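Open the model in your viewer and keep the sequence panel beside it. The tour below goes from one selection to the next.

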Amino acid sequence: MNRLLNIFKQIRSKIAFYPSLIALGGLALAFLLIYLESIKISSFLIDVAPFLVIDDTDTAKTILSTLIGGLISLTVFSFSMVMVLLNQASSNFSPRVLPGIISDQKHQIVLGLYIGTILYNIFILISIEPTENEYQTPGFSVLIGIILTVLCLAAFIYFIHHISQAIQVGNILTAIHSRTKKELAIIIENQEDKNQDFPSTDHWEKHKITQRGYFYGILKDDLIELCQENNLKAMISLHKGQFIIDGTVGFLTEKPVEDELKKKIEKTLLFSHTELIGENFIYGFRQISEIGIKAMSPGINDPGTALNTIDYLSSLFIDLLLKKDHEFLTDKNGVNWVSLNCPEFSEILFNVMATYRQYCKHDITVMRKLMHKLKTLKLHVVHSDQLKIIEAEIDQLRQDAITNIMNKRDLEQLEADYFSWS
């Protein structure tokens, strides 16, 4: 990823990107129709298809004014409803799911269509000249405005349907699962048939960085180019999502580097003042687990959702077992120039299991589901170290169950085969 591509991705991720483009399209269409009216397109259509043209200035002004007022009301109503649903999602699931709902391109396109049509109708209304000339009424332009408004009504119906579906917990979990699974698949595919050769970094020179904020990515092409030009191998000691303060060791190099090169390397590291989801698959595990834990809170009391989150996490952990613990930035010749600090399987599994054990240790149904998940993962391990990690988590889960579940019959069911009755 180079710098220009990173800037474009940042702009495209903003909620105003698509609405701005569509609004500009509405303006461009308005100016095009104003030009066509200047060359008497309405006069031509009156002769060819008079039923398509509104040939009365007062009627045209009334229609356009009505359309503008109606669309503004429709826009306000639509996104007032969105705010209510977002508040509900934040309360019932997790505040971290909001960016995914807000940034949905379909919602942005509907908003853009509203704004674009409003701007189009406003400029067409302004273009109506107060004259008695027979062909000064932009009849054809008014017809286009009516058609666009009908499209807005259709978009509103779709918007109501889509937002009601998007707020359902099952669809939220499916979306997070699909996105995370796709990110893992890309990483695993990039690791296939690539060598893992990289020198030991035990005695490399450490470099502190002056940046602040959340680390969320690297300008990969720029960093590889710097390493090739200076025949230098490096290790990025930061991991995605980590909050950085002044003085944090950001990267290591196999040999001393000058301050100018150090600054260039530091500029290839990307930081943000807010936590970004980006392409970090860790957020998928965290979002799903947070929804499950929130469902087990006394205010929500929805163990069924918690059980569903465990199913999705099981699927993701099976894919995570295939991921290697080391990631590298590699050039076209297959040479590894940069080693990346990425969370290991043991860390992710522990963080997920620790939160579930803390908040679900009193519920035998959820504990059985967790035990079933861990035993399922044992069937998909790639190497023996993963098996030891899973066995350790099974022991911890069993210990918490014995400590917190008083009913002996329930404890006997902990090790039994899990039967899904939902």
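What follows is a list of stops, each with something to select and a note on what is there.

**Before you start**

This is a predicted model, in which local features need pLDDT of at least 70, side-chain atom pairs count only at pLDDT 80 or more, and totals for chains, interfaces and linings use all residues. Residues are numbered from 1 along each chain as its sequence is written, and side-chain values use heavy atoms, with hydrogens and water left out.

**Stop 1: helix α8**

Select residues 169–191, which make up helix α8. Helices (H or I, at least four residues) and strands (E, at least two) are DSSP runs, numbered from the N terminus. The expected span of a helix is 1.5 Å times one less than its number of residues. For the 23 residues of α8 this gives 33 Å, and the end C-alpha atoms are 33 Å apart, which agrees.

Now colour the buried residues of α8, among them I172, I176, T180, L184 and I187. Buried means under 20% relative accessible area, exposed over 50%, and partly exposed in between (1.4 Å probe, protein chains only). An α-helix has 3.6 residues a turn, so residues three or four places apart point the same way.

Pick L184, in helix α8. L184 has 0% relative accessibility and therefore counts as buried.

**Stop 2: salt bridges**

How many salt bridges are there by this rule? The rule asks for a side-chain nitrogen of Lys or Arg within 4 Å of a carboxyl oxygen of Asp or Glu, and the count comes to 7. Side chains of opposite charge can pair when their charged atoms come close.

Select K181 and D319, whose side chains form a salt bridge with N and O 2.6 Å apart. K181 is in helix α8 and D319 in helix α12 (residues 303–320), so this pair ties together parts 138 residues apart in sequence. K181 is partly exposed at 30% relative accessibility, while D319 is buried at 16%.

Next select K369 and D311, a salt bridge with its closest N and O atoms 2.6 Å apart. K369 belongs to helix α14 (residues 364–378) and D311 to helix α12, so the pair links parts 58 residues apart in sequence. K369 is buried at 6% relative accessibility; D311 is partly exposed at 38%.

Then select K323 and E327, where the closest N and O atoms of the salt bridge are 3.3 Å apart. K323 is buried, with a relative accessible area of 7%, and E327 is buried, with 17%.

**Stop 3: helix α7**

Select V150 in helix α7 (residues 139–166). V150 is partly exposed, with a relative accessible area of 49%.

**Stop 4: a loop residue**

Where is N231 found? N231 sits in the loop between α9 (220–229) and β3 (234–236). Most residues other than glycine have a negative phi. N231 is not a glycine, yet its phi is positive, about 50 degrees. With 52% relative accessibility, N231 counts as exposed.
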